Amino acid sequence: MEAKRGIALLAAAFVVSPLALGLGIILLIAASDDDDGGGGGGDFELSAGTLRIGPGFVPAKYAGLIQKAAADCDQGLPAAILAAQIKAESNFNPKAQSKDPKTGKPIADGIAQFIPGTWATEGIDGNGDGKKDVWDPEDAIPSQGSMMCKLLKTAKKHPGYNGSPIELALAGYNAGWGRVDQFKGVPPVGFAEGQTYNYVKFIMAEQAKLTAPDTSGEVEMSGEWTRPVNAALGTPYHQSGGMWSSGYHTGIDFSAGIGTPIRAVGPGKVVSASRVAAYGRQVIIRHADGMYTQYAHMSELKVSAGDTVKGGQVIGLSGADGNVDGPHLHFEVRTGPGYGTDISPLPYLRDKGVNI
């Protein structure tokens with residue numbers, strides 16, 4: 001009965017609805033207890049340091065499917081986001097079924113909690129056995145990833161909406177994109193008794209817990225969290241304008257002159273240190289909580305991909321490389337390494353104790 005109790009408690013604690021699409025409050029109920037049979041991780045090799053696998057985290061038998069579903073998306077969809085969704089939707093129970101608390105009628109099915117109408121349009125035959133089965137994780141998880149990928153792509157077309165692209169996509173998955181359009185962003189607490197608002201909030205917090213710490217560096221990660229540069233704040237997060245290809249600013253700027261030392265805000269591992277189109281010379285660091293920080297427009301790089309860095313370590317010098325109108329540091333916090341997974345940087349840094 002542990003699976004059934006866990007799912008019921010999750011629904012009660014976070015008041016989230018599985019792929020509600022405007023249906024109102026839904027109580028999450030397991031059709032039967034999960035077992036160790038069925039499903040599977042596919043044949044995708046899981047990269048080290050991606051998902052935290054084990055009791056209380058991501059079941060090993062689903063980790064490969066989740067990782068592959070994320071990798072198949074070209075929009076920068078983190079695997080931990082999909083894993084956190086499944087935890088919220090079904091607590092990784094492929095036999096989970098949601099029912100209307102008033103009528104007792106089934107509403108949503110399976111590990112990813114698709115309602116029948118959405119499954120008819122978004123379900124795919126993930127394992128190639130000739131049928132798409134909402135109860136089969138090998139179909140449901142790829143379908144979830146595919147739908148989230150489409151929503152993330154749509155979200156990036158609305159820079160003026162309230163919320164990052166990942167948050168908007170999550171809101172669209174839970175309440176339907178029409179609700180995101182209605183509220184020009186993540187629906188507020190007052191909508192549907194906070195179901196979608198809390199769903200997004202829960203997943204954004206839970207994804208970090210489901211990401212395994214990166215311990216592959218030879219040097220122990222240490223150091224304090226700090227500002228990335230000793231300079232005043234410039235352009236804020238999500239400011240709209242035609243100078244950005246997305247239509248809005250995906251990070252925050254610091255008005256740092258050329259040659260100003262740029263520091264890693266916290267301990268982590270460098271996953272990228274190169275020159276990339278509009279960002280110019282940039283560094284991307286993965287931190288032990290599963291989040292990524294990006295530092296762009298530098299005049300000189302002081303680290304290489306694969307390096308382990310301490311908080312406060314100099315990783316480069318500020319500059320005006322790339323698509324800029326003057327020297328500054330462009331800084332982002334991301335849920336994944338790719339463009340479009342940005343979240344608001346200041347709350348993240350402040351949660352780490354950075355006075356900014």
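1. Ile81 lies in helix α3, where helices (H or I, at least four residues) and strands (E, at least two) are DSSP runs numbered from the N terminus. This is a predicted model, in which local features need pLDDT of at least 70 and side-chain atom pairs count only at pLDDT 80 or more, while totals for chains, interfaces and linings use all residues. Residues are numbered from 1 along each chain as its sequence is written, and side-chain values use heavy atoms, with hydrogens and water left out.

2. Ile81 counts as buried because its relative accessibility is 0%; buried means under 20% relative accessible area, exposed over 50%, and partly exposed in between, with a 1.4 Å probe and protein chains only. Leaving aside neighbours within four places in sequence, Ile81 is in contact with Met148, Ile166, Leu170, Ile203, Met204 and Gln207, contact meaning heavy atoms within 4.5 Å.

3. Most residues other than glycine have a negative phi. Asn91 is found in the loop between α3 and β2 (96–99), and Phe92 is found in that loop as well. As for accessibility, Asn91 counts as partly exposed at 28%, whereas Phe92 is buried, with a relative accessible area of 3%.

4. Helix α5 (residues 137–155) has 19 residues that should span 27 Å at 1.5 Å a residue, and its end C-alpha atoms are 26 Å apart, which agrees. Since 14 of the 19 residues of α5 are buried, this helix is largely enclosed by the rest of the structure. At the start of α5, a side-chain oxygen of Asp136 reaches to within 2.9 Å of the backbone nitrogen of Glu138. This pair is a polar contact, that is, a pair of N or O atoms within 3.5 Å of which, within protein, one must be able to donate a hydrogen and the other to accept it, and residues adjacent in sequence count only if both atoms are side-chain atoms.

5. The largest pocket holds about 720 Å³ of space. On a 1 Å grid over the protein atoms alone, a pocket is an open set of points where a 1.4 Å probe fits, with protein on both sides within 12 Å along at least five of seven lines, and lining residues have an atom within 4 Å of a point; the volume is the space filled by probe spheres set on the points, which are joined across faces, edges and corners. Of the 27 lining residues, the closest to the centre of the largest pocket are Glu167, Lys201, Met204, Ala205 and Ile343. The elements that give two or more residues to this lining are α8 (195–209) and α9 (345–351), and α8 supplies the largest share, 9 residues. Met204 is also one of the contacts of Ile81.

6. By class, the lining of the largest pocket has 15 nonpolar, 7 polar and 5 charged residues. Here Ala, Val, Leu, Ile, Met, Phe, Trp, Tyr, Cys and Pro count as nonpolar, Asp, Glu, Lys and Arg as charged, and the others, Gly among them, as polar.

7. Two histidines may interest the reader. His328 is found in the loop between β10 (314–318) and β11 (329–334) and is buried, with a relative accessible area of 11%; its side chain reaches the backbone oxygen of Gly326 at 3.0 Å. His287 has its place in strand β7 (residues 280–287) and is buried too, with a relative accessible area of 1%. Not counting residues up to four places away in sequence, the residues that His287 touches include Trp225, Tyr292 and Tyr348.

8. For the protein as a whole, there are 9 helices and 12 strands, and buried residues make up 52% of the 356 residues. Among contacts with a separation of 6 or more, 62% are between residues 24 or more positions apart.

Conventions. The expected span of a helix is 1.5 Å times one less than its number of residues.
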